[in-house]
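User: I am learning how structural terms are applied, and I would like to go through some of them with you. Could you show me the structure and begin with one side chain?

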Amino acid sequence: MKRAASTLMLAVALVAAAGRAPAATYNYVGTDYNIGGTFFPGGTAPYVVAPWRSNDTAKAFDIDGNNVYGSAGYVMFATQFLYPNAGCCGNQVPYASATYPNLESMPSWIAGTQNLTINKVGGWNYALVDDPTLTNGPRNFNWGQGLAPPVNGQVPYVKIGILDGNDIFGNNPATTPAGRWAFTVGPNAPAVIRVGVMTDGLDDTHWAASEVVLAEVTGMPNPMIVGSATSGTVTRNRFIDIHTFDIVGAQPGDTFAIMARAASGGFGAISAVTFDVVPEPATAGLAAATFAAIVGWRRRRV
């Protein structure tokens, strides 16, 4: 795989912020390794597709219990759909490239996002995963007239892309976790936010992140770390993994960065970030109480 050397090196680094205590708490929950037991598809269609959105495959750390990652929202970086040549045409591209687009569906309580890396790559021999715009449940999508592959049983897919390399502050992931992407929480955020980070599934395990970090930061666009949670060293084997973190008690204006460390000489790549939330029983209880009150009022009126 061809790589271009990073050229943007800024002196600003992510450093611990003094005198600022985190308002939220956060922790690493666990990693869902080898989702679907899939590998780079190769061969010919129908291709193998990693079922991160398909609810017919169990998801170990799906907090809302519907066996779909990213039910509340997601972003996938540098995706590509090119049928039938699933192995075609890789390139390093700008973050906003239309050729290798970022697929975004942000929750209403995310007030803003920011790219933190200088390297975006798409289209190489990376894994195929469920297309989140077409798959959210059983994989029985009817491809339709304009999309129909000539092979029965092909599920809708996109090829993953990656953010990797040095970040915009000059951090080298081979020596320190480097920023990948950040989001800021807005009003009406849920009490618990589960964040998933997709890694691996690449043409060489060397490119994938060897550690994923969720950090609360302040002072964007030149952030300082307030606190963080780490996955520790993760296993890399070219199968798709999702590393999950919980944020509890996030307040409007809180900003969190996804960061990644690489093995020595590696690139620390991530492919997607997902959001899931805990269903709130209090809300359901309130709705039930309201319904009961209305029924009781109507009965008294009869």
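Analyst: In this predicted model, the side chain of aspartate 276 comes to 3.0 Å from the backbone nitrogen of serine 71. Residues are numbered from 1 along each chain as its sequence is written, and side-chain values use heavy atoms, with hydrogens and water left out. Because the model is predicted, local features need pLDDT of at least 70 and side-chain atom pairs count only at pLDDT 80 or more, whereas totals for chains, interfaces and linings use all residues.

User: Where is aspartate 276 placed, and which residues is it in contact with, leaving aside neighbours within four places in sequence?

Analyst: Aspartate 276 belongs to strand 16, where a strand is a DSSP run of E with at least two residues, numbered from the N terminus. Contact means heavy atoms within 4.5 Å, and beyond those neighbours the contacts of aspartate 276 include Asp62, Tyr69, Ser71, Val192 and Arg194.

User: Why is the pair of tryptophan 181 and phenylalanine 275 called tilted?

Analyst: Rings of Phe, Tyr and Trp (its six-membered ring) pair if their centres lie within 6.5 Å; planes under 30 degrees apart count as stacked, over 60 as edge-to-face and the rest as tilted. The centres of tryptophan 181 and phenylalanine 275 are 6.4 Å apart and their planes are at 55°, so the pair is tilted. The pair links distant parts of the chain, since tryptophan 181 is in strand 10 and phenylalanine 275 in strand 16, 94 residues apart. Both tryptophan 181 and phenylalanine 275 are buried.

User: Which residues touch the most other members of the largest nonpolar core?

Analyst: A nonpolar core is a set of buried Ala, Val, Leu, Ile, Met, Phe, Trp, Tyr and Cys residues joined through side-chain atoms within 4.5 Å. The largest has 26 residues, and Trp181, Phe183, Ile247, Phe256, Ile258, Val273 and Phe275 touch the most other members. Strand 10 (178-185) and strand 16 (272-277) are among the strands that each supply at least two residues of this core. Apart from it lies another core, of 23 residues, including Ile162 and Trp207.

Terms used:
Buried < 20%, exposed > 50% of the residue type's maximum accessible area, 1.4 Å probe, protein only. Polar contact = N/O pair within 3.5 Å; in protein donor to acceptor, adjacent residues only side chain to side chain.
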